[in-house]
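Colleague: I have a chain open on my screen and would like to talk it through with you. Could you put it up here too?

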Amino acid sequence: MTAQAATVVPTAAQSAAPAPAIQTASLAPPPLDPRGRVRKDLMERAMAALDVHHRRLPLRDRMYLVDFQKFSGDERLYEVDLEGGQVTVLRTCHGRGSDPSHTGYAQRFSNTPDSNMSSVGAYATAGASWGSQQGPNVLLDGLEYTNDKARERAIIIHGADYADPDFLAREGKLGRSYGCFSVAHADLPDLRERMGQGRLLFAWA
């Protein structure tokens, strides 16, 4: 006679026992701009621009904002870390046509060639370049009707003597560009590398 293996039939209570729960940590993203360096409406407009122009702005790890309401001697160019939340501040110039009396405040803006004015709106960084006049720079593509002639106008980010700290210390404000986002020579190399291609620069007043 062949021995038969015993069959164990689970009870109803055993069948209904739930599987042990797997606990996962739910980490909230860090707050954006925890020190409140960027004015609220500028940050909100920039975040909206990221979504509106998402096809032209594939890189969303950081973005760059310019607050043209602020005095030229103040830090008003912001690098916003969209993953870590922190904000780094720098100085940048505005166009001489935006401030004809050289008050240190940009008062008007234009997309017109030869206006020497700054333009507002959303830009896409278009990579590091080199020009015969300004040397190393970052190219920009304007994404809106307020700045879509940026390439035609050669609106770029470049270093300038009139954006350097010694000029500010001597004059009490930065000099004026022809519409470019000029920065201190010492700030340009790292900025040029980090901006790259496909990130947002949003300027507003």
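Colleague: Which residue in β8 does Ala 126 stand opposite?

Modeller: Ala 126 stands opposite Gln 197 in β8. Before we go on, this is a predicted model, in which local features need pLDDT of at least 70 and side-chain atom pairs count only at pLDDT 80 or more, while totals for chains, interfaces and linings use all residues. Residues are numbered from 1 along each chain as its sequence is written, and side-chain values use heavy atoms, with hydrogens and water left out.

Colleague: How many bridges do β4 and β8 share, and in which sense do they pair?

Modeller: Strand β4 (residues 121-131) and strand β8 (residues 197-204) pair in the antiparallel sense over five bridges. Two strands pair if DSSP finds at least two bridges between them, and strands themselves are DSSP runs (E, at least two residues), just as helices are runs of H or I with at least four, numbered from the N terminus.

Colleague: What is the order of strands in the sheet?

Modeller: The open sheet has eight strands in the order β3-β2-β1-β8-β4-β5-β6-β7, with mixed pairing. Its edge strands, each pairing on one side only, are β3 (87-90) and β7 (181-183).

Colleague: Changing topic, is Glu 79 buried or exposed?

Modeller: Glu 79, which lies in strand β2 (residues 77-81), has a relative accessible area of 12% and therefore counts as buried (buried means under 20%, exposed over 50% and partly exposed in between, with a 1.4 Å probe and protein chains only).

Colleague: Which side chains does Glu 79 make polar contacts with?

Modeller: The side chain of Glu 79 is joined to that of Tyr 64 by a polar contact of 2.7 Å, and to that of Arg 194 by one of 2.9 Å. A polar contact is a pair of N or O atoms within 3.5 Å; within protein, one must be able to donate a hydrogen and the other to accept it, and residues adjacent in sequence count only if both atoms are side-chain atoms.

Colleague: And how many disulfides does the structure hold?

Modeller: The structure holds zero disulfides, a disulfide being a pair of cysteine sulfur atoms within 2.5 Å. Cys 93 is in none, and the nearest cysteine sulfur, that of Cys 180, is 9.9 Å away.
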